[in-house]
Amino acid sequence: MDTSTVIGACGTVLLWTGCTAPPAINGWSVGEPTVVAGLSAPECCLFDPASGNVFVSNIVAAEGDNPYWSDDGAGHLSLLGADGVVHQEKWLAGDAENVIHAPKGMCLLGNRLWMADNTRLVSVRYGDGTDLRVISPPGAVHLNDMASDGTHVYVSDTTTGKVLRIAEDGRTETVANIEAVNGLTIHDGTMFAVSWGLHEIYEVDLSGQREPRPFGLAEHFTTLDGIEVLKDGTFLVTDFEGGRICTVSADRKTVETLALMPTPADLGVSRSNSMIYVPSLKTDVVHVFPLIAR
Ligand SMILES: [Ca+2]
């Protein structure tokens, strides 16, 4: 693999890898990625369509046998430009009064940015990161990904298997149970979720009337982490231990590998810029791929 290095804004080191782009798959392919270094156990990338920036949650792995779920107050969020240049490595860092432990999935609702943080949900005003508020959902153990339908926020708990709906006043209710649920996304009013341990994708009925409906694709994956949906209905999922970003056709039948990379976690998508942002949790980088429609 050929690599070259340049110094980006704020002294950030950017590595361009010479990966050969695979052929177009399920209507989509990716170009050569920009690899953004200088991050610390990045778990989630969230593109903000209003500003064109990308939020990255940095867990900052702890010492010992609980590196990614420690209540150690060491986590922070970084702010990238759409092209991956780091604007602020520590855009939002906790302090003694406003602690951030190990931030993972994020979402936007109104003027607030939400993040899952172990057993807590943390939200801040996303323009400037002020007015930090905390909600502690009852019984939460390992809160992982978040999504919003424009009215509520939702969070997955990978240990309890619950998908929770959180109202503005903090009221919490369970809308689905999926063993080892990890990534969530809402597309055109429909929620989709992935299970890490069952390595399956589900359509979730937000009314809670129907059981989650599996796609029947578990045999294709090892451990699933993130999920997004493109404008044509194609799904993007990350297979963390499989080291792959995959497309799933809109008819839910065909799985193909879009790109290979180590430990891809909760990816973000910019539909306007046709870019995908994929954190590599264990190598402390984010891969920024141009997304190419066939
Ligand atoms: Ca995740």
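Author: First, a definition: buried means under 20% relative accessible area, exposed means over 50%, and partly exposed lies in between, with a 1.4 Å probe and protein chains only. This is a predicted model, in which local features need pLDDT of at least 70, side-chain atom pairs count only at pLDDT 80 or more, and totals for chains, interfaces and linings use all residues. Residues are numbered from 1 along each chain as its sequence is written, and side-chain values use heavy atoms, with hydrogens and water left out.

Reader: Is Ser274 buried, exposed or partly exposed?
Author: Ser274 sits in the loop between β25 (268-270) and β26 (275-280). Its phi is positive, about 55 degrees, although Ser274 is not a glycine. The relative accessible area of Ser274 is 28%, so this residue is partly exposed.

Reader: Is Asp188 buried or exposed?
Author: Asp188 belongs to the loop between β17 and β18 (190-195). Asp188 is not a glycine, yet has a positive phi of about 50 degrees. With a relative accessible area of 72%, Asp188 is exposed.

Reader: How many helices and strands does the protein have?
Author: Both are DSSP runs numbered from the N terminus: helices are H or I with at least four residues, strands are E with at least two. By that count the protein has 0 helices and 27 strands.

Reader: What is the radius of gyration of the protein?
Author: The radius is taken over C-alpha atoms, and the globule rule is 2.2 Å times the number of residues to the power 0.38. The C-alpha atoms fill a box of roughly 50 × 45 × 40 Å along the principal axes. For 294 residues, a compact globule would have a radius near 19 Å, which agrees with the value for the protein, 18 Å.

Reader: What share of the residues is buried?
Author: The accessible surface comes to about 12,000 Å², and carbon and sulfur atoms hold 48% of that surface. Such areas come from the Shrake-Rupley method with a 1.4 Å probe; for residues, only the protein chains shown count as cover. Of the 294 residues, the buried share is 56%.

Reader: How far apart are the mean positions of the positive and negative charges?
Author: Lys and Arg count as positive, Asp and Glu as negative; His and the chain ends are not counted. Each charge is placed at NZ of Lys, CZ of Arg, CG of Asp or CD of Glu. For the 18 positive and 37 negative charges, the mean positions are apart by 6 Å.

Reader: Which residues are the protein donors of the calcium ion?
Author: Donors are N, O and S atoms within 2.8 Å of the metal, or 3.2 Å for Na, K and Ca; water is not among the atoms, so sites may look incomplete. The donor residues follow the spacing E-x100-N-x37-N-x42-D. At 2.4 to 2.5 Å from the ion lie Glu43 (OE), Asn144 (OD1), Asn182 (OD1) and Asp225 (OD).

Reader: How many residues apart in sequence are the parts that Glu43 and Asn182 tie together?
Author: Glu43 is buried at 5% relative accessibility, and Asn182 is buried at 3%. Glu43 lies in strand β5 (residues 42-47) and Asn182 in strand β17 (residues 181-187), so the pair ties together parts whose distance in sequence is 139 residues.

Reader: Which residues does Leu184 touch, beyond those up to four places away in sequence?
Author: Leu184 is in strand β17 and is buried, with a relative accessible area of 3%. Contact means heavy atoms within 4.5 Å. Leu184 touches Asp145, Met146, Ala147, Tyr154, Val155, Ser156, Val163, Met191, Phe192, Ala193 and Ile227.

Reader: What separates the C-alpha atoms of Val163 and Thr174?
Author: Val163 lies in strand β15 (residues 162-166) and is buried, at 0% relative accessible area. Its contacts beyond four places in sequence include Thr174, Val181 and Leu184. Val163 and Thr174 are 11 residues apart along the chain, and their C-alpha separation is 5.8 Å.

Reader: How far apart in space are Gly31 and Met275?
Author: Gly31 is in the loop between β3 (28-30) and β4 (34-36) and is buried, with a relative accessible area of 14%. Leaving out residues up to four places away, Gly31 touches Phe289, Pro290 and Ile292. Gly31 and Met275 are 244 residues apart in sequence, and C-alpha to C-alpha the distance is 9.5 Å.
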